[in-house]
Amino acid sequence: MKVRDLTELAARNLREAVLRNSLTTLGIAVGVASLVALLSLGVGLQQLVNRSVARAGLFDTVSVRPRQNTPFGQPGGGGGRRTPREGSNLEPPRALDDAARKEIAALPNVLEVNPEVRFTAEARLEPNSQLVLVSGMAQSSQSSGTLDGMTGKFFSGPDVQEVIVQGDMAKRLLEDGKAPTALLGQEITLRFAQRQALPPPSQQAAADAPNQAVGPDEEAMGFSIVPSEKKFRVVGVLPGSDSGGGPVGFNNAGLYLPLAVAEKLQVVQGADLRDVARTSTGVGQRYAALNVRATGPAAVTQLESSISHMGFAAFSLIDVTRNLRTFFAIFDLFLGIFGSLALAVASLGIINTLVMAILERRREIGVLKALGAANRDVRQLFFAEAGVMGLVGGVAGVMLGWGIGRVIQFGTMVYMKRQGLSSPNIWSVPWWLVLGAIGFAVLISLVSGIYPASRAAQLDPVEALRYE
Amino acid sequence: MNVPENVISTNGFAIRTDRVSRHYKMGDALIRAVDQISLEVQTGEFLALLGASGSGKSTLLNLIAGLDRPSSGAILAQGRDLAGMSSEELASHRNQTIGIVFQSFQLLPRMTLEENVELPLRLAEVPRGERPERVREALDRVGLGARVKHRPPELSGGEQQRAAIARALVNRPMILLADEPTGNLDTKTGEEIMGLIAAIHRPPSGAGRTIVMVTHERALAERFADRIVTLSDGAISREERLR
């Protein structure tokens, strides 16, 4: 029999016992719905984590720091890769200076190299003041998705006295009860420790002895620290907290300044004190750290390796995300197994329904055989009935699962809002899950149909025709 | 797949059984439903199998139809031995070579008449475009052209049996097997059905069909059949040529 004829006959047979077949199909639908609901939750959570990490630029960013050579390797788990020869080499570490920055920028697959500027300052908005972590933000962050959900706008230029504030920090700076967005357009005063270079010793000596020649290798050495203040206008307020939502990871901070402006502030950073205490061969400005943006996550591993070979400590979160993927694969597997249990129970319903159908349609099977149906035709007919139930149940189950997901998502949103937290999307039904769930339902149904179909096919036509 | 109406078997016999037996085991007892029957049915002949209940006539008809397999012996239909056929080949034999009419009509009650009659065409994988005409032709032939959308429970017994005949003929088989076709009908309706079967056997124009009919009504057999074979206890007890 041709497929179309089989399908028509199967659909007709299913319509005949509409209540029983509908209940069986509903059983499949519930099974598929539970599978879809659980897997969608797993996929949604995975995407939520991926989005957060990607938004922070963690997938395509390599953090570069100078090596700190000690006989015990690198303290602090810097993540830089070193050869055994390098490990035993106690020469002074290579300085992360302008030359190194240019060299790194020239590596393949590098989009940009930005210095990491992070410092602690006091933010003041009368009458409140708060200690806050300030970070320089590159212009490229505007298009990287880092600022999703921000109210206001990005910096109007690279050198403007503007600031973007995290939601929680905005709340702390404002009077009680005011929305964080009330901070937009207001001016915040930042008080910070500024570095002021000392004049070179030769100039000092020249002043003391004007006729003495100054050597070419004599440069400014050391600096003094002075308090400084500057005003910045708030142009953007980010959602979430400075420890949770919004830009996280490398750049997590309470306030963000344009990177060029942050650099020009000459704020004292931890690395400055370290550099004063040790001999350095660096040329021009030296950096505490550089953030290197690669063309994509695929280029990060190679880039990390190249930078390590240049003599710097390089660190990315690629390894961490690999573990994350493994975790979610196992998580999804368990969710899938639990979701499939309901489908397994539903498959028993299919077997039961089809076995009942054989008993009820015994005579009909006999007639079909008398008219020329081969065992194969009868078997295929029952398979088609199982397959139709699986297909209809699968489609209905996906819709039901999607609906359950929407309800859970809505409930989560309401709960999170009541807790004063942002409500992320923890639900995702990708196409592969829709098609996979329907395919799985059909497959399970066909497998369930094997026994009844074989039994129907083996019926003796003479016996079947006598059946009343 | 379709057999033309004018095909005639080469050996002159439409059906031939050679010492065919069908035995059943029931506990320790062996039931000889059909025992060593040798029979030849000429192409175009109308043979009536007569006998009391349990004489083995329906079992013999089932063996000829390929619904059952013999315990021993050979059955040749259109020159092919059914005993050596696979179940797929037997199914094809039932679909193409023979048409069967049952005492209790065996129409599927939830299908309309045209759907019932279309079933053998579906099984024969006849192109969908050809089917409506073939169905209409078969139903017109039995006088049910106006009842195509009716379901069997909406018809009288006689109409149902006519629909069953239309279904048996829709694939244009060479042999029509009828198992007590009038057994569930009143006398008048039975007469009508027999008239229809006779017309199929010898149509006003074109070639007729070989017919094997099981009945327990001697009068009907004598009136319409060319030959009567009487069975008793699974064996042939008497043979009468009438025409």
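Reply: We can start with confidence, which is given as pLDDT, the predictor's confidence in each residue, from 0 to 100. In chain A, the lowest confidence is found in helix H3 (residues 84-87), at a mean of 46, and the highest in helix H11 (residues 362-370), at 92. Helices (H or I, at least four residues) and strands (E, at least two) are DSSP runs, numbered from the N terminus. This is a predicted model, in which local features need pLDDT of at least 70 and side-chain atom pairs count only at pLDDT 80 or more, while totals for chains, interfaces and linings use all residues. Residues are numbered from 1 along each chain as its sequence is written, and chains are lettered from A and ligands numbered from 1 in the order in which they are written.

Me: What is the mean pLDDT of chain A, and over which residues does it stay under 50?

Reply: The mean for chain A is 80, with 81% of its residues at 70 or more. The pLDDT stays under 50 over residues 209-219 of chain A, a stretch for which the model has nine contacts beyond four places in sequence, where a contact means that the C-beta atoms of two residues, placed from the backbone, lie within 7 Å.

Me: How do I read a sheet, and in which order do the four strands of chain A lie?

Reply: Strands of a sheet pair through backbone hydrogen bonds, either parallel or antiparallel; two strands count as paired if DSSP finds at least two bridges between them. Here the open sheet of chain A has the order S2-S10-S1-S11, with antiparallel pairing. Strand S2 (110-115) and S11 of chain A are the edge strands, each pairing on one side only. Five bridges join S2(A) to strand S10 (residues 290-294) of chain A, and A:Pro115 stands opposite A:Leu290 in S10(A).

Me: Which strand pairs with S11(A), and are the faces of S11(A) covered or open?

Reply: Strand S1 (residues 61-66) of chain A pairs with S11(A) in the antiparallel sense over four bridges, and A:Val64 stands opposite A:Ala314. A residue is buried if 20 or more other C-beta atoms lie within 10 Å of its own, exposed if 12 or fewer, and partly exposed in between, with C-beta atoms placed from the backbone. Both faces of S11(A) (residues 312-315) are covered, with A:Phe312 and A:Ala314 buried on one side and A:Ala313 and A:Phe315 buried on the other.
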